[in-house]
Every structure is written in structure tokens, then in C-alpha cells.
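Let's walk through some side-chain contacts together, one question at a time. Have the model open as you read.

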Amino acid sequence: MMTNPKVIILGGRFGGLQTAYELKRYLKGKIDIKLIERNRYIYFRPALPHVAIGLENPDDLRIDISEALSAKGIEYIQGTVTRIDPAKNTVEYNKEGAGPSKEKYDYLVIALGSHLATELITGFEKFGSSVCEADLALSMWNKLNAFKGGNITLGSAKFIQDNKNRPTNNPDAYAPLLESACEGPVYEMSIMLYDYFKAKGMLDKVKMTVYSPGKYLSDLSETNRATVAAMYKGMDIDIVDNFVLKEVTEKEVISEDGKRLPSDLSFILPPYMGQQMVKDAGLGDEAGFVLTDTNMKSVKYDNVYAVGDINALIVPKMAALAVKSARIAAANIANNLGNKVPIEVYDPKIVCIADDPYGKYAVAIVDSTAYGGNISEAVPSAANHLKKSLFTRYFLWSKGDLAMDKYLTSW
């Protein structure tokens with residue numbers, strides 16, 4: 001009796017979950033899917049800034065992927081991946097409560113995400129704030145709730161990106177070299193905090209400064225960047241470019257070249273880098289991101305794919321591109337296994353909604369100029385605030401199955 005092909009997916013956030021769901025739809029009982037993720041509960045990360053300003057509870061933004069995957073007939077293993085051996089088609093992991101395990105696969109999908117290298121920022125653990133994980137967002141809310149006024153800085157640490165080993169034959173059209181992995185959360189938090197303090201009657205007690213390791217929002221068009229600069233001028237928010245963060249203290253943030261900004265509350269998007277096990281497996285570049293073609297297939301192994309942040313092709317690191325890459329990888333695997341389904345062309349563009357719930361509006365951004373395109377839109381409206389809220393509920397209701405994302409992003 002022939003056994004079904006076995007697909008192992010490493011990681012269970014946007015990219016990993018969507019790949020699993022799409023494969024199950026395409027191949028139903030013709031494939032065995034196993035997803036390995038160290039956390040049983042995952043969060044809708046784009047809504048974590050709402051936790052940081054006290055408008056959401058982290059528990060209300062999470063899904064139990066053990067239950068969600070089981071309901072779809074997808075096996076879930078709670079475990080931490082320790083080694084990938086693509087030459088032998090095996091992965092090793094420490095299973096929760098059971099110790100080391102090893103498994104063979106027919107296809108492997110790597111969706112491990114970026115490593116958020118907070119250890120590279122001196123003082124981050126004690127004085128830094130962020131929204132990249134639920135616990136960090138909750139910690140920031142605790143600090144903000146106790147904040148009585150002073151200086152606030154918001155910025156991104158440097159993106160650790162390999163500028164020599166590039167993905168595809170035309171990397172600038174797909175994976176531009178950027179100083180920051182994604183400055184969307186910095187922009188969103190800045191407008192959120194402005195109206196938060198306005199609602200609290202505290203604007204006269206706060207001075208906000210936004211900094212960037214390069215040019216702020218350099219992945220957007222000059223037009224959109226000028227719009228943000230004009231908005232900040234009206235809000236009395238300063239922008240400091242070329243500030244490569246090295247250290248955060250109780251009262252300052254300090255750059256690699258010794259510049260200092262006064263800071264009583266320091267919001268930081270940590271350095272993004274790849275995973276060491278990707279380098280050890282010979283699958284990645286020097287930063288630890290997997291090198292693939294535009295079908296998300298490894299440049300070295302035909303049965304290995306990478307989706308989401310761990311893929312060197314996905315720049316900047318953002319949810320919309322993670323989901324798109326998952327759809328493409330799943331469709332390619334399905335076709336390889338005999339189910340002829342349409343495969344999307346990877347045509348990246350920045351799609352995000354920067355929400356301001358206290359101001360009751362959001363800015364919907366669609367921009368392809370970083371990839372040589374000509375789309376440049378930034379639309380603030382109350383309707384966009386509603387869209388962000390509805391999309392959050394859609395993610396939770398669907399248990400992370402964003403099958404409609406390709407239609408909803410064009411609202």
C-alpha cells in the first residue's frame with residue numbers, strides 16, 4: 001500500500017499556517033501534513049500595538065493552533081526545531097515533554113520567521129519596549145500606563161541583511177536592500193501615541209522623536225515619505241535619519257557613532273536576522289535567510305521551500321508578503337504532486353494599514369516603488385480603521401486561515 005507524500009512545515013505563524021491550510025485544500029486526503037511550532041498559542045501580531053496602548057487584551061488576539069489544525073486534519077507537534085538536514089530529507093526537534101525527535105519528509109516548508117536579535121541592543125531587556133511579541137506589547141502598556149510625561153523615542157534597529165548572496169537573478173525587483181526590516185510598526189505606534197496622549201490631555205507633556213537606521217520609511221515612495229514628514233510636522237514629531245541604534249538606557253538611546261537622543265520611554269523594533277540552523281543546513285545566505293526563487297523553492301533543493309520572514313526574498317518583513325509567499329509555495333507543491341492549480345506570480349508590493357484607534361482613522365498604504373513599480377498610495381480614513389478591525393476579527397474567526405487575503409487587501 002502506497003503512503004501519502006509527507007510535508008513537514010516548520011513554524012506556525014502567518015506563512016506556516018497559511019501553507020498548511022492551502023495544501024490541505026488542494027490535496028485533501030492525498031497528503032500528510034505535519035506542522036512543528038514551539039508555541040501552542042499564536043497571536044495576530046498586527047494588532048499587538050493595540051495591546052501596547054491598552055485597547056486589547058493579548059488573550060483576545062490568540063488562537064490555539066493545536067485545536068485549529070486538528071480540526072482541519074493537520075497534525076500539530078509542539079516542539080522546537082534544532083536541525084535541518086536537506087541532503088537526508090530530515091528534521092530534528094525537541095518535542096514538548098518528550099525530548100529529541102527526528103523525522104523524514106518528502107517536502108519541507110521552512111516558516112521559522114526572523115530571529116529578533118534584541119541581544120544586540122545593550123539595555124534592551126531592561127529599558128526597551130516593543131510590540132513584536134505579546135509579552136513585549138503588554139510590558140509596553142504597563143510602562144505607558146505609568147508614564148507621566150517626558151521624551152519618547154520610536155525607531156527601528158538595523159536590518160541584518162546579506163548584500164552579497166542575493167535571491168533570484170534580479171534581486172532589486174524583489175528583495176531591495178533596506179536599512180530597516182519594516183518600519184510600519186514605528187509609524188503606526190507614532191500616530192497611535194499622538195492621539196492617545198491627546199485623548200489623555202497630555203500632549204504638552206510629551207516630546208516624540210522617530211529615528212531610523214537609514215532614511216525613515218525608505219521602502220516607500222518619495223511622495224508618501226513627504227506626506228508622513230508633513231504629518232509629523234503638524235504633530236511636532238521629529239525625524240532623525242541615519243541613527244543606528246546600539247544601546248538604550250533609562251534616559252537615552254545611543255547610536256553606533258555616539259549620537260544620543262533623550263528618551264524616557266523607548267519603543268524599538270529589534271534587529272531582524274535569519275536563523276543559524278538555516279546557515280548550518282547550507283540553505284541560506286550569511287544572515288541566515290533561505291535563498292529561493294520566486295516560486296519560494298530553495299535554490300539548492302527542489303523539495304525545500306521557504307515562506308514568510310525566513311525567506312531572503314521577502315523584504316520588507318511583513319504579514320501580507322508572508323501570506324502571499326505561502327500561497328505560492330503551496331500551489332507549487334500541489335502541482336508537483338499532480339494537482340494542477342493556478343500559481344500566482346510573485347509581484348511584491350507593500351500593503352499595510354497603520355491604525356490609529358484613538359484618532360478613529362487608519363492610513364492604508366499600497367506602494368510598489370521599492371521594487372521599481374509605480375504604485376504609491378497612502379489613504380487616511382475612518383473606513384480604513386474599520387477595515388483593520390474587521391481583518392483582526394477575520395483572522396481570529398478563521399483560526400489564521402487567510403484564504404480571502406488576496407481579495408481583502410484590495411478593499
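Q: Is Glu252 buried, partly exposed or exposed?
A: This is a predicted model, and in it Glu252 has a relative accessibility of 24%. Buried would need a value under 20% and exposed one over 50%. Glu252 therefore counts as partly exposed.

Q: Which residue meets the side chain of Glu252 in a salt bridge?
A: Side chains of opposite charge can pair when their charged atoms come close. Here the N to O distance is 2.7 Å, and a salt bridge calls for a nitrogen within 4 Å of a carboxyl oxygen.

Q: How many salt bridges does the structure hold?
A: Others join up, with Lys6, Lys34, Glu75 and Glu103 linked in a network. For the structure, the number of salt bridges is 28.

Q: Which helix holds both Arg25 and Glu22?
A: These two residues form a salt bridge, their closest N and O atoms being 3.5 Å apart. Arg25 is partly exposed at 33% relative accessible area, whereas Glu22 is buried at 6%. They sit 3 residues apart, about one turn of the helix, and that helix is H1 (residues 14-27).

Q: Is Arg225 buried or exposed?
A: Arg225 forms a salt bridge with Glu222, with 3.2 Å between the closest N and O atoms. The two are 3 residues apart in helix H7 (residues 222-235), so about one helical turn separates them. Glu222 is exposed, with a relative accessible area of 57%. For Arg225 the value is 16%, which makes this residue buried.

Q: How many residues apart in sequence are the parts tied together by the pair of Phe44 and Phe395?
A: The structure holds 15 aromatic pairs. Among them is the tilted pair of Phe44 and Phe395, at 4.8 Å centre to centre with 40° between the planes. Phe44 lies in the loop between strand E3 (41-43) and helix H2 (48-52), while Phe395 lies in helix H10 (residues 382-397), so the separation is 351 residues.

Q: Are Phe44 and Phe395 buried or exposed?
A: Both rings belong to one aromatic cluster, along with Phe14, Phe391, Tyr394 and Trp397. A residue is called buried at under 20% relative accessible area. Phe44 and Phe395 are each buried.

Q: In which helix does Phe197 lie?
A: Phe147 and Phe197 form a tilted aromatic pair, 5.9 Å centre to centre and 55° between the planes. Phe147 is in the loop between helix H5 (134-145) and strand E11 (150-156), and its partner, 50 residues away, is in helix H6 (residues 184-199).

Q: What is the volume of the largest cavity?
A: Rolling a probe the size of a water molecule over the atoms shows where empty space is left. The structure holds 1 cavity of 30 Å³ or more. Its lining divides into 6 nonpolar, 1 polar and 4 charged residues. The volume is about 60 Å³.

Q: Over the ring of which residue does the charged end of Lys317 sit?
A: Lys317 is one of the residues lining the largest cavity, and the list also includes Asp285 and Phe289. The charged end of Lys317 is 4.3 Å from the centre of a ring, and that ring belongs to Phe289.

Conventions. Residues are numbered from 1 along each chain as its sequence is written. This is a predicted model: local features need pLDDT of at least 70, side-chain atom pairs count only at pLDDT 80 or more; totals for chains, interfaces and linings use all residues. Side-chain values use heavy atoms; hydrogens and water are left out. On a 1 Å grid over the protein atoms alone, a cavity is a set of points where a 1.4 Å probe fits but cannot get out, and a pocket is an open set with protein on both sides within 12 Å along at least five of seven lines; lining residues have an atom within 4 Å of a point. Grid points are joined across faces, edges and corners, and a volume is the space filled by probe spheres set on the points. Ala, Val, Leu, Ile, Met, Phe, Trp, Tyr, Cys and Pro count as nonpolar, Asp, Glu, Lys and Arg as charged, and the others, Gly among them, as polar. Helices (H or I, at least four residues) and strands (E, at least two) are DSSP runs, numbered from the N terminus. Buried means under 20% relative accessible area, exposed over 50%, partly exposed in between (1.4 Å probe, protein chains only). Rings of Phe, Tyr and Trp (its six-membered ring) pair if their centres lie within 6.5 Å; planes under 30 degrees apart count as stacked, over 60 as edge-to-face and the rest as tilted. A charge sits over a ring if NZ of Lys or CZ of Arg is within 6 Å of the ring centre and within 35 degrees of the ring normal.
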